[in-house]
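Reader: I'd like a close look at one part of this model, please. Walk me through it slowly, with the cut-offs spelled out.

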Amino acid sequence: MTGGDSGFFFTFFNLAVAKQYWPNIAAGMLVTVGVGIAVVVTGTVLGLWLAVVRALGRRALALPIVAFADIMRSLPPLVVLIVLYFGLPALGMPLSAFAVTWLSLSLVLAAYAEESIWAGICAVPSGQLEAARSTGMRWWQAMRWVVLPQALRRAVPPLTNRVISITKNTALGSVVALNEILNNAQGASSYAGNPTPLMMAAFAYLVVFLPLVVFSRWIEQRWQRR
Amino acid sequence: MPILEVSGLRKSYGSTEVLRGVDLHVDAGELVCVIGPSGSGKSTMLRCCNLLETPTGGRILANGHEVTSATVDINRLRQDIGMVFQQFNLYPHLTALDNVSLALRKVQRRSKAEAEAMAQTALEQVGLGAKAGSFPAELSGGQQQRVGIARAVALKPHVILFDEPTSALDPELVEDVLNVMRDLRHRGMTMLVVTHEMSFAHAAADRVVFMDGGVVVEQGSAADVFERPRETRTQSFLARYGSRRS
């Protein structure tokens, strides 16, 4: 039935609506990519730093790190986001939607990254650190040149999946009115009275994240070889 | 003059006393072998010499510097005390050349070119010049251990500690490693070797130290200890080992 077909396309793939609102979706993509990159960088760097500090073996340092990682991994990211967005202003630190999304997801990613990298560090035999120290390397030199390269080879493949799932959570930013893909698409489809922008949003997510998924597959295969 | 001087060395783990006052010394150019049953404290004694284990008592002098002193720069001192491990402990993510050159670059701050030239020389000295680009997983156990020796040699230490260097090797690969050690000895390297290779200790060692129960029971020339052991514990150990090995 041609009438039914054109109704389906009119509803979900409406060219006129798409034409009018694609700049909104494109602008949303920029924000999603921006927040995503910021989260990946700060989250993994913070996670790496926490794992290395934990490896120092001082209880007073390790306990707060373990507590942080366990709490952040227990809370739904959406809850972290909402608590920080509505809680920080009460503490006199009102942050933008971008900053709060960045901060919340970075903390969540840091918790998972810390656990993955810590597990990688623990899997490196103690003889590696001993051999490095026996040649006169300082602790951090042995960590940097001998232990971490091996630990990261183990940690990165499981970590890539975590990075993808947490950067996808940038969509949660729509809850605090961050103008990322989903939020812009929802706004656009309300204005248009037509769900086509949501279809465009799905497509935009594929454009952003499919290459990342393919890249992670490549990393997993490449890093497991040696 | 002693390169390494251990006196009254004690080490406890909790209430277990592993070393109960060990005295021994290694003179310049000497090869000293430490033998004894498992659990006699040989490896612990060796690991105390470069502070991989912290002694609970006694003194260790390396080249005149007190290893256990609070003010010593242990990272400086360790460059003068090489170590070769039972399990090789090569860095699996680095080539043989990088395994050997890493400390030359990162600790001694030499240029990449200079460090790699020194590493290549050390690898050639252990007969592995052609394997510089190989990763540890591509080498046999004997070759890995020779890279381990090159890693220690490259830093030009005053003494090298060997912790059962052939115990993890297949029997047919043991001789390769022992030959490299004999060669080092001829070049005048000072070596302290914990080993179960009695024939090597007998033939190559300048002096032999027999440890049991965390103390040195007997020490002397290889001929004295192996052929004319004074202590009954030494005699019974050698009798058991001789019958098991031959």
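In what order do the six strands of the open sheet in chain B come, and what sort of pairing do they have?

Author: Quick housekeeping: this is a predicted model, where local features need pLDDT of at least 70 and side-chain atom pairs count only at pLDDT 80 or more, while totals for chains, interfaces and linings use all residues. Residues are numbered from 1 along each chain as its sequence is written, with chains lettered from A and ligands numbered from 1 in the order written.

Now the sheet: reading across chain B, you get β6-β7-β8-β3-β9-β10, and the pairing is mixed. (Strands are DSSP E runs of at least two residues, and helices H or I runs of at least four, numbered from the N terminus; two strands pair given at least two DSSP bridges.) At the edges sit β6 (81–84) and β10 (215–221) of chain B, each with pairing on one side only. From one strand to the next, the twist averages 15° (angles run from 0 to 180 degrees between N-to-C directions of axes fitted to C-alpha atoms).

Zoom in on β7 (159–163) and β8 (190–194) of chain B: these two run parallel, joined by five bridges. In that pair, Val159(B) faces Thr190(B) of β8(B).

As for the neighbouring chain, 19 residues of chain B are in contact with 17 of chain A (C-beta atoms, placed from the backbone, within 7 Å). On chain A's side, α6 (126–134) and α7 (139–168) are the elements giving two or more residues. That side of chain A has seven polar, five nonpolar and five charged residues (nonpolar: Ala, Val, Leu, Ile, Met, Phe, Trp, Tyr, Cys, Pro; charged: Asp, Glu, Lys, Arg; polar: the others, including Gly).

Conventions
Two residues are in contact if their C-beta atoms, placed from the backbone, lie within 7 Å.
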